[in-house]
Amino acid sequence: MTRQEVEAIALGLPAATRVVQWGGADVYKVGGKVFAICGLAGGLSFKVTEIGFMVLTDEGGPGRQAPYLAKGSWVIVDLDDAEAGEVAGWIATSHDLIAAKLTRKARAELGL
């Protein structure tokens, strides 16, 4: 998986935007809230459900706790080991989780 492929997946989601922050990381947002970070520590970080967090970070899982974000159920996976189908699902789920936290008004303005 490449950063360009991640970008195509993330920006294909409704109302998604990209900024470069934190030393060159690609940060994807919806309604101004981060839903994915690509490039920090050579991986892709994203928000998951509590169950998803346990599955992805469990021994033998493809991910690990994202530094500084694990408390909020964020994981990081290595891009080199990730498959496009899995990544697309993870990013879409993260987008949905973050968009659901936006106010009703913000979701309506963004067409969500």
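Analyst: This is a predicted model, in which local features need pLDDT of at least 70, side-chain atom pairs count only at pLDDT 80 or more, and totals for chains, interfaces and linings use all residues. Residues are numbered from 1 along each chain as its sequence is written, and side-chain values use heavy atoms, with hydrogens and water left out.

User: Which hand does the crossing of α1 and α3 have?

Analyst: The crossing of α1 and α3 is right-handed; that is, the near helix is turned clockwise from the far one by less than a right angle.

User: How is the packing of two helices described in general, and at what angle do the axes of α1 and α3 cross?

Analyst: Two packed helices are described by the angle between their axes and the distance between the axes. Here the axes of helix α1 (residues 3-11) and helix α3 (residues 84-100) come within 10 Å and cross at roughly 40°. Axes are lines fitted to C-alpha atoms, for helices over the stretch in contact, and angles run from 0 to 180 degrees between N-to-C directions. Helices are DSSP runs of H or I with at least four residues, strands are runs of E with at least two, and both are numbered from the N terminus.

User: Which residues of α1 meet α3?

Analyst: Val-6, Ile-9 and Ala-10 in α1 meet Ala-84, Val-87, Ala-88 and Ile-91 in α3, where contact means heavy atoms within 4.5 Å.

User: Is Ser-45 buried or exposed?

Analyst: Buried means under 20% relative accessible area, exposed over 50%, and partly exposed in between, with a 1.4 Å probe and protein chains only. Ser-45, in strand β4 (residues 43-47), has a relative accessible area of 4% and is therefore buried. Lys-101, in the loop between α3 and α4 (104-110), is exposed at 62%.
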